[in-house]
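Me: I would like to learn how to read the inside of a protein model. Could you take me through it slowly, one feature at a time?

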Amino acid sequence: RTMSDKIPVVILGAGGYAAIVHEILSSRADVEILGCTDKALGISERVFGDGVSVKILGDDTILPDLAEQHPGLHVVFALGPELIDVRAKLIHVLEREGIPALTAIHPSAVISPMAKISTGTVVRGGAVVGARNTIGVFCVINLAASIDHDTTLGTNVFLGQGAHISSYVHLHDNVMIEMGVSVNNHVAVGAGAHITGGSFVNTDVPEHTVVSGVPARVVRSIES
């Protein structure tokens with residue numbers, strides 16, 4: 001492909017997670033990575049190591065200008081779980097500005113042909129997404145996380161490394177699941193809930209709560 005045939009892409013975020021996204025996108029012949037956005041103004045580039053660096057284009061407010069300069073511009077989130085609220089706000093900005101997102105799937109991820117992965121989702125290496133799962137927009141399925149079958153993820157759901165989601169589960173919008181969590185069959189996790197690392201979830205989780213433990217129990221509420 002020539003440069004003009006490629007999809008221009010901006011990575012939103014320039015920390016360690018951006019290096020992961022950059023690696024996934026670099027394996028695609030149809031993508032041209034323009035650079036990253038970052039709040040640390042004054043920094044002109046971010047070095048990811050081994051001679052790999054990307055331009056810092058500015059903060060997120062420059063996206064409308066970039067969309068005008070680069071027809072067909074797409075974005076990919078590289079913002080971690082601690083920024084899930086920022087991610088949610090940026091989703092509304094992108095919708096308002098009409099800037100589409102790109103799906104980024106690591107070549108070593110295992111995705112069933114009967115699964116639906118929506119735009120803007122990032123799937124990392126070693127992840128497994130089974131049959132008849134529906135993954136919403138702007139989700140993250142992290143390193144070695146797995147989803148069995150017939151499960152639904154809403155918008156902006158974050159699965160940490162090694163999280164295991166069973167079948168017939170429903171994770172609503174803006175749910176954050178930390179590393180090593182297991183969610184049992186037929187469990188619903190309410191919007192904005194946060195499940196701490198290593199927990200085993202065997203019952204439904206109310207929205208905007210933090211749950212923890214084996215078995216997981218509500219430990220506090222989150223202001224919505």
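Predicted model: local features only at pLDDT ≥ 70, side-chain atom pairs only at ≥ 80, totals over all residues.

Me: Which residues have the most contacts inside the largest nonpolar core?

Reply: A nonpolar core is a set of buried Ala, Val, Leu, Ile, Met, Phe, Trp, Tyr and Cys residues joined through side-chain atoms within 4.5 Å, where buried means under 20% relative accessible area, exposed over 50% and partly exposed in between, with a 1.4 Å probe and protein chains only. Here the largest such core has 29 residues, and Ile141, Leu159, Leu171 and Ile177 have the most contacts inside it. A second, separate core has 21 residues, including Ala18, Ile56, Ala78 and Ala104.

Me: Is Asn156 buried or exposed?

Reply: Asn156 counts as buried because its relative accessibility is 0%. Asn156 sits in the loop between β14 (152-153) and β15 (158-159), strands being DSSP runs of E with at least two residues and helices runs of H or I with at least four, numbered from the N terminus.

Me: What does the side chain of Asn156 make a polar contact with?

Reply: A polar contact is a pair of N or O atoms within 3.5 Å; within protein, one must be able to donate a hydrogen and the other to accept it, and residues adjacent in sequence count only if both atoms are side-chain atoms. The side chain of Asn156 makes such a contact with the side chain of Asn174, at 2.9 Å, and a polar atom of the Asn156 side chain lies 3.1 Å from the backbone oxygen of Ile84.

Me: How many residues line the largest pocket?

Reply: Rolling a probe the size of a water molecule over the atoms shows where empty space is left. On a 1 Å grid over the protein atoms alone, a pocket is an open set of points where a 1.4 Å probe fits, with protein on both sides within 12 Å along at least five of seven lines, and lining residues have an atom within 4 Å of a point. The largest pocket has 17 lining residues, and Ile84, Asp85, Asn174, Gly192 and Ile222 lie nearest its centre. Helix α3 (residues 84-97) gives the largest share of this lining, three residues.

Notes
Residues numbered from 1 in each chain as written. Heavy atoms only, no water.
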